[in-house]
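Please look over the model shown here before reading the notes on its fold and contacts.

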Amino acid sequence: MRRFSNKESGYSDLNIPLTEQEESGFNHGSNSTVNPRTPPSPSFSRTNLSRHKKIHSVKNSLSTFIAKFKAPSTANLEGIRIIHLNNPERNSQEKYLHNGISTSKYNYFTFLPKFLYEQFSKYANIFFLFTACIQQIDDVSPTSRWTTAVPLGIVLFATAIKEVMEDMKRHASDGETNASDCKVLQGTSFIPQPWHTVRVGDIVRVESGEPIPADLVLLSSSEPEGMCYIETSNLDGETNLKIKQAHPETAQIVTPLDVARLSGFLRSEQPNNSLYTFEGTFLLNNTNGNSKEFPLDPTQVLLRGAQLRNTTWIYGVVIFTGHETKLMRNATAAPIKRTSVEKMTNIQIIFLFCILLAMSLASAIGNLVINNRDIEELSYIEVSKVSVGDFVKNILTFLILYNNLIPISLMVTMEVVKYWQAQLINSDLDMYYEKTDTPAQARTSSLVEELGQIEYIFSDKTGTLTCNEMEFRQCSIAGIAYADVIEDGKQAHIEDGVEVGVHDFKQLDVNLRNHPTSNVIDEFLTLLAVCHTVIPERQEGNPS
């Protein structure tokens, strides 16, 4: 990479990479490096000199175009994103992406091509389309030209209706998410606004139990030293809380008025899909006119999809929105999935088509032999010798006659069965979770036959397959057993002057006050508490 002067070489001030030949000078046969600022030697040919002048001219034009293209925006300058604090006008000039998301499969423009591509990737539909096309040829089809086309159109129409209904549910879910409220700083107060109106550079307030609306840099929180706790189960499946902490320079900003007075800008990396890395710097302007710059790291970043827990509120500045957030960067577009039943059906249809083609070819050959050999004996039906064109037409005719070998009702039956299986899943009470009023939901009926077809499960721990909730059920302290729920016949009682059985936790509370083992019980409970992270969660207006 070299920087050339406009005056001496005609190059722009931009860093333009040179090729090996350009870096080695005009003399391609020499291994020495020629200074690009040195005039060419008279020994160079006019052809080479003219060619290099053209190269310089093209690079000058390209450099000027790139400079003009990049001048108005700092969003892509050297891979750095500049975000101004409390300056929406400057941020709007960068034309950052909005915060609305779309996880749907289709839209108005992509539905028809995507749907047709998906449907005609099934060999059965290709066969029926081929049959419908050859039925339109005169003197070939012994049946009506609409015999196959109409049923195929009905099947495709019914499938399209099903796809539209399922995708409308995705659109509704996206609309509900985009319409969720979050509090955005307007002037010196936080005003509720829908998520899709949040812009890069906005300062938002998130309260306990609320999801993070966009990727944020944590400014401060209600906890000491700007700490907060988030749950990232939607990002990485982990239900344990993670600790985030604001930078000490911003942790003391705890009122809307202080937040509204913030001035400066934030440099951050460009959007990417790395959930655990972040690079950026904060430059804050002080009231005395001085500025202070400090680095940022992943501990100050709250990702969209996480949920604030055990923290009353936090303030954060938006750095990535919508499909530029790390969550959406990791959400790849849904591919066209093929179930094992569809793959097997495609193979069987190829096999049946080969049989159908062999039968049609054999019938056409038989017709050719009989017509040409016994034409005199068949004069009463006015047959003529079969030409090459007639032979090809006969093959197509027999294909139409034998096309019931691959029934179109096969695809109809499969789609109906899939649809009703999805409805049965939605109404299955055995998969209903009463605590959160959450029923099973089959988002698509195209993959229901894959249920139960799992061969291997790779899991790093049992928490991946369970609720990952630990409950204190039973303990034994100083030889005395205590339990939350006691089975019948195991209650504490006296046998031969000795106490046996299990006490409940109420008795544990009583023994803690006045029992010879109270000191041991106190020590046990103390150790149990200090060996775990226990965070009390209090609600506003109800401190108890």
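## Basis and overall make-up

This is a predicted model, in which local features need pLDDT of at least 70, side-chain atom pairs count only at pLDDT 80 or more, and totals for chains, interfaces and linings use all residues. Residues are numbered from 1 along each chain as its sequence is written, and side-chain values use heavy atoms, with hydrogens and water left out.

The protein chain contains 15 helices and 18 strands (DSSP runs, H or I of at least four residues and E of at least two, numbered from the N terminus). Of its 544 residues, 33% are buried (under 20% relative accessible area; exposed is over 50% and partly exposed in between, with a 1.4 Å probe and protein chains only). Among contacts (heavy atoms within 4.5 Å) with a separation of 6 or more, 63% are between residues 24 or more positions apart.

## Annotated segments

An unreviewed UniProt entry annotates residues 347-370 and 395-417 as "transmembrane region"; such annotations may be inferred rather than shown by experiment. Residues 347-370 are 100% helix, with the end C-alpha atoms 35 Å apart. Residues 395-417 are 70% helix and 0% strand.

## A six-stranded sheet

The order E3-E2-E4-E13-E5-E11 describes an open sheet with antiparallel pairing (two strands pair if DSSP finds at least two bridges between them). Strand E3 (189-194) and strand E11 (301-302) are at the edges and have a single partner strand each, so one side of each lacks a neighbour in the sheet. Strand E4 (residues 203-207) and strand E13 (residues 313-320) are joined by five bridges, and Glu207 stands opposite Trp313 in E13.

## Thr325

Thr325 sits in the loop between E13 and helix H10 (326-329). Its relative accessible area is 0%, so Thr325 is buried. Its side chain reaches the backbone oxygen of Gly322 at 2.8 Å. Beyond neighbours within four places in sequence, Thr325 contacts Ala214, Asp215, Arg304 and Phe320.

## Salt bridges

There are 17 salt bridges in the structure (a side-chain nitrogen of Lys or Arg within 4 Å of a carboxyl oxygen of Asp or Glu). One of them joins Glu231 and Arg309 at 2.3 Å, N to O. Glu231 is in strand E6 (residues 227-231) and Arg309 in strand E12 (residues 307-309), so the bridge ties together parts 78 residues apart in sequence. Glu231 is buried at 13% relative accessibility, while Arg309 is partly exposed at 26%.

Glu342 and Lys418 form another salt bridge, at 3.0 Å. This pair links helix H11 (residues 340-373) with helix H13 (residues 409-426), and both residues are buried.

Terms used
Polar contact = N/O pair within 3.5 Å; in protein donor to acceptor, adjacent residues only side chain to side chain.
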